[in-house]
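Trainee: I am new to this one. Can we go through it by question and answer?

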Amino acid sequence: SLYSFVQRAIAYIKTVGKKEAIDAFNEPLGKFVEGSMRIGAFTADGLALAYGDDLHYVGKNVMNRQNTEGKYPFKRMIENTLKFSRAWISTFEKNSYKLIYSEKINLPSGPIIISGGYWPHIKRVAVKGMVERAQDYIREVGKEKAMSTFNSTDPSFLRGDIYISVL
């Protein structure tokens, strides 16, 4: 479960220390990636120390980052977690709803927020359907244009943590 996944990350950071744990959380194929679940870590003021599936945000303040609905999920998560020590939120991201659980832990360097997130509505059928749509798209527009679309942020081939990758 997402709750257990976050508990495992918290136990890990308490055992090995902040630096080693953050490095592990940021490992794209590491021990803190399970299916569509990922671990994030944030300072109380919104600095992303780890951001499971998108290292682009690491080292950046995400407090004022808006989702596609114009809402501020990180601000809400961090504020609720600091206030209640834990929080559950749902947000719309990457064309799908994402569920996030977070907890505050107090370290000598100050409090940090450990979060886990995943896209609960993603199924094998969705992957198969997207691959079939991608094949049709390649036939329709050609390889070069299709590759450009697949490598962009075009939402046509992005659903939660499912996206098209062509090797």
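Mentor: Start with a term: two strands pair if DSSP finds at least two bridges between them. Keep in mind that this is a predicted model.

Trainee: Which residue in β6 is the bridge partner of E103?

Mentor: Look at β5 and β6, which run antiparallel and are joined by 9 bridges. They form a hairpin, with 2 residues between them. In β6, E103 has as its bridge partner I114.

Trainee: Which element gives the largest share of the largest nonpolar core?

Mentor: This core has 22 residues, and I13, F25, F32, I39 and I114 touch the most other members. Elements giving two or more residues include α2, β2 and β6. The largest share is 7 residues, and it comes from α1.

Trainee: How are α1 and α2 placed to each other?

Mentor: Their axes lie 7 Å apart, at an angle of about 140°. Residues A9, Y12, I13 and V16 of α1 meet K18, E20, A21, A24 and F25 of α2. By class, that contact has 7 nonpolar, no polar and 2 charged residues. Angles over 145 degrees count as roughly antiparallel, so the two helices α1 and α2 are oblique.

How values were computed. Residues numbered from 1 in each chain as written. Predicted model: local features only at pLDDT ≥ 70, side-chain atom pairs only at ≥ 80, totals over all residues. Heavy atoms only, no water. Core = buried A, V, L, I, M, F, W, Y, C linked by side-chain atoms within 4.5 Å. Buried < 20%, exposed > 50% of the residue type's maximum accessible area, 1.4 Å probe, protein only. Helix = DSSP H or I, 4+ residues; strand = E, 2+ residues; numbered from the N terminus. Axes fitted to C-alpha atoms, helices over the stretch in contact; angles between N-to-C directions. Parallel < 35°, antiparallel > 145°, perpendicular 65-115°, else oblique. Contact = heavy atoms within 4.5 Å. Nonpolar A, V, L, I, M, F, W, Y, C, P; charged D, E, K, R; others polar.
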